[in-house]
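My notebook is open, and these are the things I looked up, in the order I looked.

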There are 2 protein chains.
Amino acid sequence: MSNAKVLPLLEPDVQGVVPCCPPLTERPMNAEEAERAARMFKALGDPVRLRLFSAVASHEGGEACVCDISDVGVSQPTVSHHLKKLKEAGLLTSERRGTWVYYRVEPSVLAAMGRLLTVA
Amino acid sequence: MSNAKVLPLLEPDVQGVVPCCPPLTERPMNAEEAERAARMFKALGDPVRLRLFSAVASHEGGEACVCDISDVGVSQPTVSHHLKKLKEAGLLTSERRGTWVYYRVEPSVLAAMGRLLTVA
């Protein structure tokens, strides 16, 4: 039995999220900064995704599983699809516990996006 | 000569922008709030549009015309197209002065978006 199979992979889904960019009002963004930030804004640019993000962000303990946020009026596979998109954009992290995958808002990313929109 | 031609039309392009929504972490958004907020996020979800928005937001005096922000690497018609999209989303207002249309960031909208991303 190799070590590789024994060692638990802690938080395998956490992505290398880098806080991005000075306030939009401070100086013009360069291309690289804009690419990164636009990816996050785009992820929130869909009403259903935004509601799901808000449902996770405001859920008790700051985390939720698909089972907790089924009241947005879309099917569970659709919920899962959107949560995956939010995760890919670095806005959510996830962790499997038992049957369910729990999603959590990445606070540093929320703070970075908020900072972007600060009036300098 | 009619009055209509004499009277200056002050800020004719200002839209009825309503500050939107509590922090995403406070409570789940409802459908109507999400529609409105997603529209703004979507407008910033394109790298070129985000750079242009940042160029206007950070320009001297908080306003800029197309002539001021031509260094994003896209044609002037493309710049104009994106500025129009930002205006439609309520993120910019515009005013024609002489030859040029000047764009200005709507500070209340920026503040409202920043508030959305506040960690409650």
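This is a predicted model: local features need pLDDT of at least 70, side-chain atom pairs count only at pLDDT 80 or more; totals for chains, interfaces and linings use all residues.

Residues are numbered from 1 along each chain as its sequence is written, chains are lettered from A and ligands numbered from 1 in the order written, and side-chain values use heavy atoms, without hydrogens and water.

**Entry: the sheet.** I looked up the pairing of E2(B) with strand E3 (residues 100-105) of chain B, and found six bridges in the antiparallel sense. For the record, strands (E, at least two residues) and helices (H or I, at least four) are DSSP runs numbered from the N terminus, and two strands pair if DSSP finds at least two bridges between them. In chain B, three strands make an open antiparallel sheet in the order E1-E3-E2. Its edges are strand E1 (63-65) and strand E2 (92-97) of chain B, each pairing on one side only. I get an average twist of 30 degrees from one strand to the next.

**Entry: helices.** Helix H3 (residues 47-58) of chain B lies across E1, E2 and E3 of chain B, at about 90 degrees to E3(B). Axes here are lines fitted to C-alpha atoms, for helices over the stretch in contact, and angles run from 0 to 180 degrees between N-to-C directions. Next I checked helix H2 (residues 31-43) and helix H5 (residues 107-116) of chain B, which pack at about 105 degrees with axes 11 Å apart. H2(B) and H5(B) are therefore roughly perpendicular, a label for angles of 65 to 115 degrees. Which residues of H2(B) meet H5(B)? I found B:Ala37, B:Met40 and B:Phe41, against B:Val109, B:Met113 and B:Leu116 in H5(B); contact means heavy atoms within 4.5 Å. By class, that contact has six nonpolar, no polar and no charged residues. Nonpolar covers Ala, Val, Leu, Ile, Met, Phe, Trp, Tyr, Cys and Pro; charged covers Asp, Glu, Lys and Arg; the others, Gly among them, are polar.

**Entry: disulfides.** My search of the whole structure gave two over all chains, a disulfide being a pair of cysteine sulfur atoms within 2.5 Å. A:Cys65 and A:Cys67 form one, with sulfur atoms 1.9 Å apart. The link of A:Cys65 and A:Cys67 is left-handed, at -45 degrees about the S-S bond.

**Entry: the two copies.** Chain B superposes on chain A by a rotation of 180 degrees with 0.0 Å of shift along its axis (RMSD 0.0 Å). That is the relation of a two-fold axis. I used least squares on C-alpha atoms of residues with pLDDT of at least 70 in both copies.

Conventions: Angles under 35 degrees count as roughly parallel, over 145 as roughly antiparallel, 65 to 115 as roughly perpendicular and the rest as oblique.
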